[in-house]
Amino acid sequence: MDEIDPEVTSPPAHMTPEEFRRHGREVIDWIADYWERIESLPVASAVQPGDIRALLPDSAPEQPEPFEHLLADLDRVVVPGVTHWQHPGWFAYFPANNSPPSVLADAVSSGLGLIGLLWSASPALTEIESHMLDWLVDLCALPEHWKTTSEGGGVLQGSASDATHVALVAARHRVSARSGQPAEQMVAYTSAQAHSSVEKGANIAGFGQVRLVEVDEHQAMRPDALAASVEADISAGLVPTFVGSTVGTTGTTAVDPVRAISAIAIEHSLWHHVDAAYAGTAMICPEFRHHNEGIELVDSYVFNPHKWMMVNFDCSAFYVADKAALTDALSIDPPYLRNTQSDAGNVIDYRNWQVPLGRRFRALKLWWVLRSYGAAGIRQMVRHHVAMAQEFAQRLNEDSRFEIVAPHPFSLVCFRVRAADASEEAAERADRATDALAAAVNDSSRAYLTPSKLDGRSIIRVAVGQSRTDRSQMDLLWKLISEAAV
Ligand SMILES: *Cc1c(COP(=O)(O)O)cnc(C)c1O
């Protein structure tokens, strides 16, 4: 055999453990400094398309660079192009609030570097995940039979969109296994106010039709419209297969009547999935649980601890009432993944609950957040945000220049500039004033909210939920709005 050049076969130069400790401390210091100064930064990045790429070299470095350069480029390259989701003046979209224990847990998860495709690929990853999802059943008063120890079960998905997608796949599989109907004949229903992920998931899953069911004056799905649509489709020879309800729509946090929709779903054997991506966290407080009324009748449910529970992205809690209905649709058993524990059916293999094979140790950050704050701390956060949102709504109500456009049962308030009269011209003037108001607040760089549309008219969404938001930011927001409105 030829002599092998030791230069070629030796490992590259890694950081020594001592260097890792030192740079690790520098990184934690950088994050802590960032959080300390975040309020002084403009909430939204003002860069133009291409500005950030222009700061990067054309090609990857051939030779190693010192870590100091990497850290320096966080401030030089990254921060100017960051829109600060963790800014206390964040009122845009929905929150994606994080917390120190969550960030530390994510670092540990990266350090462990696990891929939890099977129970045996890292038993702690799977068992802690199942246990956390069962804890959330108790904490949020979800049905007992959704526990992994029962016929149902929970899993962490990367996003609510992923969860809704696999719910659609399970629904399709259940119908085709029962009746042999092709997916092109199948119909999925959701409200006209549902998140776009329902339609997208149905398209990916190959459904023939997606029907956007009419909503009532509170933006909630009309069960009578759903029933009529299902019956028309049956008469036309199509196969109603799936209905997606929403508890807390993205547009206005409207709540669909889950129990009434369940009755229709049960009558026609539809898979009933509930998307509570944002509002699900509120169920940790008993006073919000009436919004989940009828939830024990549904087939699947998703909410995002990564939105409002101080667990940083990604962490989406997905439950099914019958875990076999999900794993029947998603299980494939290649020989290289066979093992005694899985074959004996003693364990959960989460690869059969999701699209990807690989999965991170996401449950660690959920575990650390639940232990660091306790259920009491999370309830306190939810109530604080909801109280501030309700106070904000009160200010709008007391000011004749504005009108609230939808019920605000959680911590999102949607409003617009009030039209002077009922004419179309006045409505258009109010639209322009509303758009201008949103732009003026966002241009201030001190608060960030989302201009949107409802029934074709301009509105502004104010979502209160950043972990650092306090009454001083609410006062500032009100001052910005009040001064910018004409
Ligand atoms: C945010 C949101 C989603 C999407 O969540 P991802 O986790 O980003 O996929 C879906 N549905 C509703 C109601 C939402 O508010």
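**Domains**

First reminder to myself: this is a predicted model. I looked up how the protein is divided, and found domain 1 (6-40 + 45-82), domain 2 (114-360) and domain 3 (370-484). I then took the C-alpha centres of domain 2 and domain 3, which 30 Å separate. On the contact itself, 27 residues come from domain 2 and 23 residues from domain 3.

How much area is buried between domain 2 and domain 3? I get about 2,200 Å², with carbon and sulfur atoms giving 73% of that.

The rule finds one salt bridge across the interface of domain 2 and domain 3. I noted Glu 287 and Arg 383 as a salt-bridge pair too, their side chains meeting at 2.7 Å, N to O. For polar contacts across the interface of domain 2 and domain 3, I count six residue pairs, both partners at pLDDT 80 or more.

Which helix gives the most to the side of domain 2 that touches domain 3? My note says helix α5 (residues 123-139), with four residues. Sorting that side of domain 2 by class, I wrote down 16 nonpolar, ten polar and one charged residues.

**Aromatic pairs**

I ran the ring search and the count came to 18 aromatic pairs. I picked out Trp 30 and Tyr 34: their ring centres are 5.5 Å apart and their planes sit at 5°, so I logged the pair as stacked. The cut-off behind that call is planes under 30 degrees apart. Where do Trp 30 and Tyr 34 lie? I found both in helix α2 (residues 17-37), four residues apart, about one turn of the helix.

**Salt bridges overall**

Searching the whole structure, I got 27 salt bridges. One I wrote down is Asp 73 with Arg 76, where the closest N and O atoms are 2.9 Å apart. I checked the spacing as well: Asp 73 and Arg 76 are three residues apart in helix α3 (residues 67-78), so about one helical turn separates them.

I looked for cis peptide bonds and noted the one that joins Phe 313 and Asp 314, with omega at about 10°. Asp 314 turned up in the loop between α10 (305-308) and β7 (316-320).

Last, I checked phi. Tyr 93 has a phi near 40°, which is a positive value in a residue other than glycine. I placed Tyr 93 in the loop between α3 and α4 (100-112).

Note on methods: Residues numbered from 1 in each chain as written. Predicted model: local features only at pLDDT ≥ 70, side-chain atom pairs only at ≥ 80, totals over all residues. Heavy atoms only, no water. Domains from an automatic or database assignment. Contact = heavy atoms within 4.5 Å. Buried area = accessible area lost by both parts, 1.4 Å probe. Salt bridge = Lys/Arg side-chain N within 4 Å of Asp/Glu carboxyl O. Polar contact = N/O pair within 3.5 Å; in protein donor to acceptor, adjacent residues only side chain to side chain. Helix = DSSP H or I, 4+ residues; strand = E, 2+ residues; numbered from the N terminus. Nonpolar A, V, L, I, M, F, W, Y, C, P; charged D, E, K, R; others polar. Phe/Tyr/Trp six-rings, centres within 6.5 Å; stacked < 30°, edge-to-face > 60°.
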